[in-house]
Amino acid sequence: MAFSFGFEDDEADDAKTSPAGPSVLKAGKVQAHQAPVKEHTLEELIAKLPDHLSYSTVRIESPTGRVLFLPKRDLYDVRVQLLQEGPTNDDVIDQIGTSDLRSGVYEGGFKTWECSLDLASLLLDRGPRKDIDELIRCDQIIELGAGTALPSLVLFQHALLNSIPLTFTLADFNDTVLRLVTLPNLILTWAATTNQPGFTTPKLDKNSTGDFDLTPEVIQHFLTDLKSNDIILRFLSGPWSPSLANLIPSSGVDMGTVILAAETIYSPESTEAFTELICGLLKRVKMSKAMIAAKRMYFGVGGSVDGLKAACRERGAVAYEIENHGVPGMEGGHVRRYATEPPKSGSNNTILYGLLGAGALGGGYYYLNSSNSTTAQHGAKNESGALGMPASKNEEKNIPAKAVAVTGVAPVKAFTGGDQGFISLLLESVENVSHNTKKFRFKLNDEDSTSGLPVASALLTKFKGPDMEKPVIRPYTPVSDEDEKGYLDFVVKVYPNGPMSEHLHAMKAGERLDFKGPIPKYPWTANKHDHIALIAGGTGITPMYQVARAIFKNPEDKTKVTLVFGNVSEEDILLKKEWEDLEREFPQRFRAFYVLDNPPEGWTQGKGFITKDLLKTTLPGPKDGNIKLFVCGPPGLYKAIAGPKKSPGEQGELSGILSELGYTQEQVYKF
């Protein structure tokens with residue numbers, strides 16, 4: 001049964017997609033699982049290299065128009081090497097000369113597939129660290145079904161040019177593919193990227209072809225450069241299986257993994273094995289992401305992205321689709337990219353932002369969650385009655401943006417500031433959140449009114465005990481939405497000798513407390529910054545949640561948000577469910593990192609204090625453009641992270657870790 005993968009014609013100068021399609025010959029599951037899994041050392045593969053490599057170039061153009069020419073070993077050069085090695089390679093030569101894929105025997109690694117080119121083009125505008133997505137830090141790139149490894153070559157070149165330490169793990173079913181095309185392409189890319197004395201580097205343009213001599217001096221230069229840049233190359237062969245997963249190391253603490261793959265879901269059998277492998281790999285580390293390029297349907301053999309979605313859903317993974325539509329330079333194509341995120345597992349919060357989020361590309365997307373239901377972008381059925389698809393333009397017109405847009409009358413604001421003075425509110429209910437934290441709901445005097453608080457702002461609370469000479473006044477930030485009618489919610493932790501928190505925790509439903517406000521803090525408007533970071537400790541989380549909630553409830557606001565939240569124990573993490581909900585709904589734009597003084601057994605995130613290394617790893621860099629860092633927490637956190645505030649209304653000088661990392665006074669705000 002034949003179907004078209006659309007592989008590049010390696011013998012053509014213009015590198016156009018071949019009109020011919022390969023056929024897939026199934027060898028059966030038994031034969032596939034009997035294939036051995038093996039790791040091949042770099043030295044082992046280098047020892048089998050020829051004296052020279054003949055190459056041509058592949059043109060990669062990104063959606064924004066950036067062009068990169070990559071050298072790629074010619075297939076005829078591979079044939080020549082195999083013929084010189086002897087008749088034992090006859091089967092491999094037959095594989096090169098045919099378009100057949102033999103499942104469990106040969107998986108097409110000698111060819112350059114269309115979706116591999118497509119994935120490489122999208123990666124070209126993004127480096128292997130923050131440029132892939134501003135919220136990711138990774139120390140390992142894994143390409144499954146690597147073959148000619150074009151996506152990895154794009155990132156390999158970026159790592160060389162920017163001296164970025166990375167481990168590249170390249171896996172292909174066939175070890176011959178690794179030694180004959182994968183490693184040679186890496187060496188050619190290195191030679192074309194670096195200027196080395198003593199040998200001529202490949203000159204690349206659309207018509208470039210040539211021979212590159214692999215002298216002992218060249219190989220030594222290659223190995224030396226890898227070591228000096230702290231780049232590690234690892235090679236694995238064999239089928240997708242637990243044995244293969246066991247050979248892939250986990251990323252370092254607070255670092256992440258990016259998995260790349262193209263044309264790997266062409267049949268139901270390959271989809272199941274592939275999804276099982278990537279879900280297992282993604283669950284290992286806190287930050288992890290897989291990006292898969294594939295056609296929507298592989299006719300004749302049964303593979304499809306619907307099959308991928310189902311396989312992810314069965315394993316509790318989150319998958320969202322990034323369409324070509326609206327992506328500059330990519331309209332009209334039939335290739336679809338799938339970013340797959342790991343399932344939740346206990347306290348290991350492993351969902352990470354999209355490698356290529358829909359917000360960055362402007363395309364439609366949807367999520368698959370662990371409840372096996374597909375959530376629509378607007379949370380409701382679309383015109384066709386199907387869940388999981390973005391609302392149509394007609395539907396968007398019918399979605400109310402705010403209450404004022406529906407009623408035509410703005411709701412009354414309970415707090416107007418100025419000379420309004422304190423307002424007495426009734427405590428309607430009290431809910432225990434943890435051993436030392438409670439949630440308080442106060443009823444507004446007008447049930448149709450809203451708080452009227454701008455973001456970000458707080459309210460003053462006041463009470464005077466019978467034996468007190470002066471009243472106690474403390475600011476608190478509500479956790480309820482500013483547009484909610486009729487009530488205010490506060491989450492308050494009790495502190496020893498904290499007169500207001502102790503008073504609140506002693507209050508009963510039906511009692512009253514005085515409030516005044518709003519007390520303006522940092523005025524937020526949509527897209528004021530491209531990326532913000534929230535660094536909080538304890539109840540310092542409430543103003544952070546106010547800002548984050550305002551961002552993510554506004555469909556026009558595309559700001560990315562990173563949270564670093566320190567607490568004593570896991571049960572002290574306030575609003576944890578709300579943060580997890582945001583991560584599930586906006587995985588490509590929001591990420592939370594938790595640090596505990598007393599972590600439970602099996603805790604996989606930060607331990608102890610919020611450290612300089614952690615912030616350097618997780619925050620947007622001081623030179624990353626339009627960023628803002630917010631800090632709120634106990635005095636010790638202020639002092640260590642950004643220096644103390646001079647007064648409630650004065651920021652004070654920036655010092656501490658953020659100053660040491662190179663951030664400026666203008667980039668940091670202390671609540």
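**Strands and a pair of helices**

Strand β7 (residues 166-172) and strand β9 run parallel and are joined by seven bridges, and within this pairing Leu166 stands opposite Ile231 in β9. Two strands are said to pair if DSSP finds at least two bridges between them, while the strands themselves (E, at least two residues) and the helices (H or I, at least four residues) are DSSP runs, numbered from the N terminus. This is a predicted model, in which local features need pLDDT of at least 70 and side-chain atom pairs count only at pLDDT 80 or more, whereas totals for chains, interfaces and linings use all residues. Residues are numbered from 1 along each chain as its sequence is written, and side-chain values use heavy atoms, with hydrogens and water left out.

Strand β9 also pairs with strand β2 (residues 38-40), here in the antiparallel sense and over three bridges, and His40 stands opposite Phe235 in β9. Six of the seven residues of β9 (residues 231-237) are buried, so the strand is largely enclosed by the rest of the structure; buried means under 20% relative accessible area, exposed over 50%, and partly exposed in between, with a 1.4 Å probe and protein chains only.

Two packed helices are described by the angle between their axes and the distance between the axes. For helix α5 (residues 114-123) and helix α6 (residues 150-162), the axes come within 7 Å and cross at roughly 20°, where axes are lines fitted to C-alpha atoms, for helices over the stretch in contact, and angles run from 0 to 180 degrees between N-to-C directions. The helices α5 and α6 are therefore roughly parallel to each other, a description that applies to angles under 35 degrees. In their contact (heavy atoms within 4.5 Å), Ser116, Leu117, Leu119, Ala120 and Leu123 in α5 meet Leu150, Pro151, Val154 and Leu155 in α6.

Strand β22 (residues 531-537) pairs with β26 in the parallel sense over six bridges, with Ile532 opposite Lys628 in β26. Strand β27 (residues 668-670) also runs parallel to β26 and is joined to it by three bridges, and in β27 the bridge partner of Leu629 is Val668.

Conventions. Parallel < 35°, antiparallel > 145°, perpendicular 65-115°, else oblique.
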